[in-house]
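I opened my notebook to look up charged pairs and a helix contact. Here is what I wrote down.

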Amino acid sequence: MKIGPQDRNSSSISTSNEETIVVRGRDLARELIGSISFTEHFWLLVTGSMPSATQRRVLDATLVAIAEHGMVPSVQASRMTYAAAPEALQGAVAAGILGCGSVILGSSEAAGQLFAAIAERIDGGIDIAHAAQTVILEYRAKKRPIPGFGHPLHKEMDPRVERLFEVAAEAGGAGRHIQIARDVEALLPDLVGKRLALNVSGAIPAVLLDAGYPLAALKGIPILARTAGLIAHLLEEQQHAIGFVMSHAAAEAIDYDGEVPAGFVP
């Protein structure tokens, strides 16, 4: 069953013949391997063009910022999957990525959509503060969370935020999406009744959108970055396993509160 138009049976990402492998119009062996970084290659793959020095530096900074995040649910799922199936490293990596959604990893995409909605209002002639307030109130009216703000640990300031903004400024890439993010942070106490500090998932789309990275591919940034972190965790899991320790700790932490047969003693 076809969903949507299916009238372009082609791809512009890569092709090959017996002698040459072509990626985005470039000879992989002669032009890319050994000549560009993986960050540059990723930008090329996604956008079809080589990044500027600004784009390369900003993208690289965001990937470094989000690659490792401790024993979050995605890491636990990955390590416990590997403990149960050590022959399938790829399955353990996939287990960690499959939970990418609105709470874990997906909030950068959602924050980017928030900033883009505000930018669209600005393009329509509304000043930045009024545009931000209007969109925030629309989110509140629909009982939608404000993505990219608030953090359980970094309540006053996420240290990654200011550094990413500094990198963007140093690279000449600071623009209106960073300003939008700052304005939203300043407006939130009055609009939601409490301060919510901008977090790294809000800073990442701000700097990337200012650098010209496509909104539709934002979720790919934490997915790509966290894949590197998951591989590190899985190598450590091979060297000294804690997957079943996590599993046992979960079993110990959860009480059973359902019905039991007569005479059952836990």
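**Salt bridges and a helix pair**

I found Arg 57, Arg 163, Glu 166 and Glu 170 linked in a network of salt bridges (a side-chain nitrogen of Lys or Arg within 4 Å of a carboxyl oxygen of Asp or Glu). I kept in mind that this is a predicted model, where local features need pLDDT of at least 70, side-chain atom pairs count only at pLDDT 80 or more, and totals for chains, interfaces and linings use all residues. Residues are numbered from 1 along each chain as its sequence is written, and side-chain values use heavy atoms, with hydrogens and water left out.

I looked up the Arg 57 to Glu 170 bridge next, and its N to O distance is 2.8 Å. Arg 57 sits in helix H3 and Glu 170 in helix H8 (residues 159-170), 113 residues apart; helices are DSSP runs of H or I, at least four residues, numbered from the N terminus.

I then checked Glu 40, which forms a salt bridge with Arg 56, the closest N and O atoms being 3.8 Å apart. Glu 40 belongs to helix H2 (residues 38-47) and Arg 56 to helix H3, so this pair ties together parts 16 residues apart in sequence. Is Glu 40 buried or exposed? I noted it as buried, at 14% relative accessible area (buried means under 20%, exposed over 50%, partly exposed in between, with a 1.4 Å probe and protein chains only). Arg 56 is partly exposed at 33%.

Last, I saw that H3 meets H10 through Val 58 and Leu 59, among others (contact means heavy atoms within 4.5 Å).

Notes
Helices (H or I, at least four residues) and strands (E, at least two) are DSSP runs, numbered from the N terminus.
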